[in-house]
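Subject: Structure handover

Hi,

Here is the structure I promised to pass on to you. Have it open while you read, and I'll walk you through what turned up.

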Amino acid sequence: MLRAIGLFFVLALMWWLWSGHATPMLLGFGFFSCLLVVFIASRMDVIDHEATPMHLTARVPFYWSWLCKEMFLSSIDCCKRILRPGKFVSPVVADVAADQETDLGKVTYANSITLTPGTLTMELDKNKITVHALDQSLIDALNTGEMARRVNRLG
């Protein structure tokens with residue numbers, strides 16, 4: 001029940017922030033649509049610790065801020081590689097260890113790799129992630145384990 005209430009408040013907040021409307025009629029529509037979504041999700045029995053990871057709530061903003069910084073720095077590096085004449089792009093496919101304990105952690109790690117410009121998650125296996133990168137140095141940066149440690153600390 002607590003997860004359903006948390007899901008409702010998250011949905012309502014997202015709806016209100018993204019719609020930008022505060023008229024009573026539209027707020028009422030948003031309220032009832034969020035209630036309907038929570039009711040349907042409850043009937044489908046999909047409100048669990050992975051669908052509504054409330055235990056991550058306090059740590060997510062710190063991870064997102066770090067990931068945004070990494071995405072910004074990687075974007076600059078990626079632009080330099082593409083716009084600079086010469087052979088600064090030598091694509092490589094390699095496996096990176098995925099030592100996260102939960103499926104949610106592994107998926108978060110794989111998605112974080114894909115969100116970082118210059119790298120793309122191609123396959124997520126039990127204990128490894130196949131990554132396509134613009135250069136071997138990007139794979140080496142993943143192999144240092146900084147992103148994996150931050151995902152592990154996340155939850």
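Let's begin with a salt bridge: the side chains of lysine 69 and glutamate 70 meet there, at 3.3 Å from N to O. Before we go on, please keep in mind that this is a predicted model. Side chains of opposite charge can pair when their charged atoms come close. How much of these two partners is open to the outside? Glutamate 70 has 22% relative accessibility and so counts as partly exposed. Lysine 69 is partly exposed too, with a relative accessible area of 42%.

Now for a pair that links distant parts of the chain: aspartate 135 sits in the loop between S3 and H5, while arginine 81 is in helix H3, 54 residues apart. These two form a salt bridge in which the closest N and O atoms are 3.5 Å apart. Are they buried or exposed? Aspartate 135 has a relative accessible area of 17%, so it is buried. Arginine 81 comes out at 13% relative accessibility and therefore counts as buried as well.

Next, have a look at helix H6. The side chains of glutamate 146 and arginine 149 meet in a salt bridge of 3.1 Å, N to O. How are they placed along the helix? They are 3 residues apart in helix H6, so about one helical turn separates them. Glutamate 146, at 27% relative accessibility, counts as partly exposed, and so does arginine 149, at 41%. Back at arginine 81, there is a network to trace: salt bridges that share partners join Asp77, Arg81 and Asp135 into one. The structure holds 6 salt bridges.

On to the aromatic rings. A pair of aromatic rings is described by the distance of the centres and the angle of the planes. There are 4 aromatic pairs here. Take phenylalanine 31 and phenylalanine 32: their ring centres are 5.3 Å apart and their planes stand at 80°, so this pair is edge-to-face. The cut-off behind that step is that planes over 60 degrees apart count as edge-to-face. Phenylalanine 31 is partly exposed, with a relative accessible area of 40%, whereas phenylalanine 32, at 57% relative accessibility, counts as exposed. Tyrosine 63 and tryptophan 66 make another aromatic pair, this one tilted, with 5.9 Å centre to centre and 35° between the planes. Both of these residues lie in helix H3 (residues 60-83), 3 residues apart, which is about one turn of the helix. Tyrosine 63 and tryptophan 66 are both buried; for tryptophan 66 the relative accessibility is 9%. You'll also find one aromatic cluster, formed by Phe8, Phe9, Phe31 and Phe32.

Which strands run antiparallel here? Strand S1 (residues 92-97) and strand S3 (residues 128-133) do, joined by 6 bridges. In that pairing, valine 96 stands opposite isoleucine 129 in S3. Strand S2 (residues 119-124) also pairs with S3 in the antiparallel sense, over 5 bridges. S2 and S3 form a hairpin, with 3 residues between them.

Rolling a probe the size of a water molecule over the atoms shows where empty space is left. The second largest pocket has a volume of about 260 Å³. Of the 13 residues that line this pocket, the closest to its centre are Glu70, Ser74, Thr116, Ala141 and Met147. Which helices each supply at least two residues of the lining? They include H3, helix H5 (136-143) and helix H6 (146-154). H3 gives the most to the lining, with 5 residues. Sorted by class, the lining has 6 nonpolar, 4 polar and 3 charged residues.

Cheers

Technical notes: Residues numbered from 1 in each chain as written. Predicted model: local features only at pLDDT ≥ 70, side-chain atom pairs only at ≥ 80, totals over all residues. Heavy atoms only, no water. Phe/Tyr/Trp six-rings, centres within 6.5 Å; stacked < 30°, edge-to-face > 60°. Buried < 20%, exposed > 50% of the residue type's maximum accessible area, 1.4 Å probe, protein only. Helix = DSSP H or I, 4+ residues; strand = E, 2+ residues; numbered from the N terminus. 1 Å grid on protein atoms, 1.4 Å probe; cavity = no way out; pocket = protein on both sides within 12 Å on 5 of 7 lines; lining within 4 Å. Points joined across faces, edges and corners; volume = space filled by probe spheres on them. Nonpolar A, V, L, I, M, F, W, Y, C, P; charged D, E, K, R; others polar. Pairing = 2+ DSSP bridges. Salt bridge = Lys/Arg side-chain N within 4 Å of Asp/Glu carboxyl O.
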